[in-house]
Amino acid sequence: MAIRSLILPRKVKPIRNFDFSRWVRKNKDGWLFASPWIIGFFVWTLGPMLASLGLAFTDWDLISPIQFVGLKNFQMMFKDPLVGQSLKVTIIYALTSVPLNLAVGLGIAMLLNARIIGLRFYRTAFYLPSVLSGVAVALLWRWLFSPEFGLINQGLSLIGIQGPSWLGDQNWALPSLVVMSVWGVGAGAIIYLAGLQGIPTELYEAAEVDGARGWQRFFSITLPLMTPVLFFQLVVGVINALQVFTQAYIMTGGGPNRATLFVILYLYQNAFQYQRMGFASALAWVLFILIMVLTLLIYRSSSSWVYYEGESKSKR
Amino acid sequence: MTTMNKVSSKPVKINVPLLTTTQRRLLRQLIIHLVLLSGVFFMLIPLIWSISSSLKSAGDVYALPPKWIPNPIHWENYAEAVTAIPFWRYLWNTTFITLVSIVGKVFSVTLVAFAFARLEWWGRDFFFVVMLATMMLPPHVTLIPQFILFKYLGWIDTFLPLIVPQFFGGPYLTFLARQFFMTLPRDLDDAARIDGCSNFGVFWRVILPMSKPVIAMIVVIVFNNQWNEFLNALIYLQNSKNFTLALGLRMFQGEAAASWHLLMAASILTMLPVLVLFFSAQKYFMQGIVFTGVKQ
């Protein structure tokens, strides 16, 4: 008895002090306001993600009962040459289209930043195509790439070049899609232009006093100060490039000879044409891991090339 | 004296063969304009070419060398394209899905952003980090389980799978709105609270009326995404009565494989609302991408 009376008050006290209903009342509005996203996070994101991870270890066609098969789907990936092909196509596309778009976008932004007349016209003209997307744009480019009557080959024939059949040629189909991706370069250019306009002019004036000219100014001021923006666009660009679907589905269907079989297209075929839900989920996770690894690599590398103004200048 | 002459002769030597500074500046401007104009050519020629193709007769589309200005102009291509597929039906479906999505997204995103920007609650910082992390999450990972979920709910071949998730916020746009709310002065909140406003009152009467720019950005972004949505529409909509314009175009591509003048007319009509929105709200298009692109 004596011991209990000694211990109990201490144990009970903090619980009495903690007023549950007051705590709820204090937090209630925050939870209510945030609830759409919090519920959505569990229902549309976390739940499906875990389900997808589970499905990756099963065989399921949505009709016959679901079957646990262990690592079979992942083993099959090594045997299925199309998985390797789709990863190869997707990575080549990302490694070519993303740097190309970064360089062209920055180039356009620098020209626009040169205090020229007609800035508004140029800005609109470059930006306009990047807001267009989807099936209509894919059709438009299919027509441009049309081997006999398309504008591109007709233009080439004017200067005496017999153009390839582009989307119909297994060597040219993927490069065609890379060229098409440059049509959306305007969005990046607008972002870089905003970044360039944020670089204080005193820096250039100081560099001029020090005798820095043209390219020197570009490499010692413009490029370092633009690296945070370029870094962000690189991450976003890679993530988007790894998820190409509409262009491939509409323009080539993955062909010719699987030359444009992007991962998401192969995932779609497996899940919704062959009803291989388990295999498709495993494929989704492989792509997810690829995206995470690439993003992580870019992040890790960033400390050696991304310049933040807050840091010491000795870092260049 | 002789040394003085040597020094002063140096800059003269450089200046003689070249142009004056103003001429040099003009030349530089001229080169920049030439480069930019050739870029603009590459940007606009595909659009101009498709508009031109859409107004040609079936035979002229394949004329060699190509005609840029169709003669006569075949406006009836558009009428033909609109009747070749149930265009108005698809237009209505797409408009309905897009408008409901905009309403859902604007409400959910601003509510959640208000919670993150203005309210104190247990778990806020944790969930904010989680939300930022989900921005990196590629949507295809959740594609298959979501499909199975909607199948069990019996929502396949309805608009619900395209619309309902829009009512649950979204990390990217919530972050955009939250960053905007953080810039609004807190004095106004406090004044409204003293006048007896609840949290919802502050949100509805103080924050939202000041947030027109960011709401416009959200509307523009959601409109563009949903108008062009393809993969989800392809998976969930099966009966052609429920097709969106994107699916209708895909079907038309199969039916009218060689009628490029009609395919281009239908494509132009599909892009037209986005073009109109672009020219009337260009400011918000640009602000939206600059805001998220430069302010990481």
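Analyst: Start with a helix pair. Helix α3 (residues 76–84) and helix α14 (residues 260–280) of chain B pack at an angle of about 80 degrees, with their axes 9 Å apart. Axes here are lines fitted to C-alpha atoms, for helices over the stretch in contact, and angles run from 0 to 180 degrees between N-to-C directions. This is a predicted model: local features need pLDDT of at least 70, side-chain atom pairs count only at pLDDT 80 or more, and totals for chains, interfaces and linings use all residues. Residues are numbered from 1 along each chain as its sequence is written, while chains are lettered from A and ligands numbered from 1 in the order in which they are written.

User: Why is α3(B) called roughly perpendicular to α14(B)?

Analyst: The angle is about 80 degrees. Roughly perpendicular covers 65 to 115 degrees (under 35 is roughly parallel, over 145 roughly antiparallel, the rest oblique). That makes α3(B) roughly perpendicular to α14(B).

User: Which residues of α3(B) and α14(B) meet?

Analyst: From α3(B) come N77(B), Y78(B), E80(B), A81(B) and A84(B). They meet H261(B), L262(B), A265(B), A266(B) and L269(B) of α14(B). Contact means C-beta atoms, placed from the backbone, within 7 Å. The residues of this contact divide into 7 nonpolar, 2 polar and 1 charged. Nonpolar means Ala, Val, Leu, Ile, Met, Phe, Trp, Tyr, Cys and Pro; charged means Asp, Glu, Lys and Arg; the others, Gly among them, are polar.

User: How do you know that chain B is more spread out than a compact globule?

Analyst: Chain B has 28 Å, well over the 19 Å that the globule rule gives for 296 residues, so it is more spread out than a compact globule. The rule is 2.2 Å times the number of residues to the power 0.38. Along its principal axes the C-alpha trace of chain B spans about 95 × 70 × 35 Å. The chain has 15 helices and 0 strands. Helices (H or I, at least four residues) and strands (E, at least two) are DSSP runs numbered from the N terminus.

User: Why is A56(A) called buried?

Analyst: A56(A) has 22 other C-beta atoms within 10 Å, so it is buried. The cut-off is 20 or more for buried, 12 or fewer for exposed, and in between is partly exposed. A56(A) sits in the loop between α2 (20–55) and β1 (58–59) of chain A. Leaving aside neighbours within four places in sequence, A56(A) contacts N73(A), G278(A), S281(A), A282(A) and W285(A). Buried residues make up 37% of chain A and 38% of chain B.

User: What makes K212(B) exposed?

Analyst: K212(B) counts 10 other C-beta atoms within 10 Å, so it is exposed. K212(B) lies in helix α11 (residues 212–228) of chain B.

User: Why is D157(B) called partly exposed?

Analyst: D157(B) has 14 other C-beta atoms within 10 Å, which puts it in the middle class. D157(B) is in the loop between α6 (143–152) and α7 (160–163) of chain B. Its phi is near 65 degrees, a positive value in a residue other than glycine. Most residues other than glycine have a negative phi. R258(A) also has a positive phi, near 60 degrees. R258(A) is partly exposed, with 18 other C-beta atoms within 10 Å.

User: How many residues does each chain give to the contact between A and B?

Analyst: Chain B gives 72 residues and chain A gives 71. On the side of chain B, the largest share, 13 residues, comes from helix α2 (residues 21–54). The residues of that side divide into 48 nonpolar, 21 polar and 3 charged.

Note on methods: Two residues are in contact if their C-beta atoms, placed from the backbone, lie within 7 Å.
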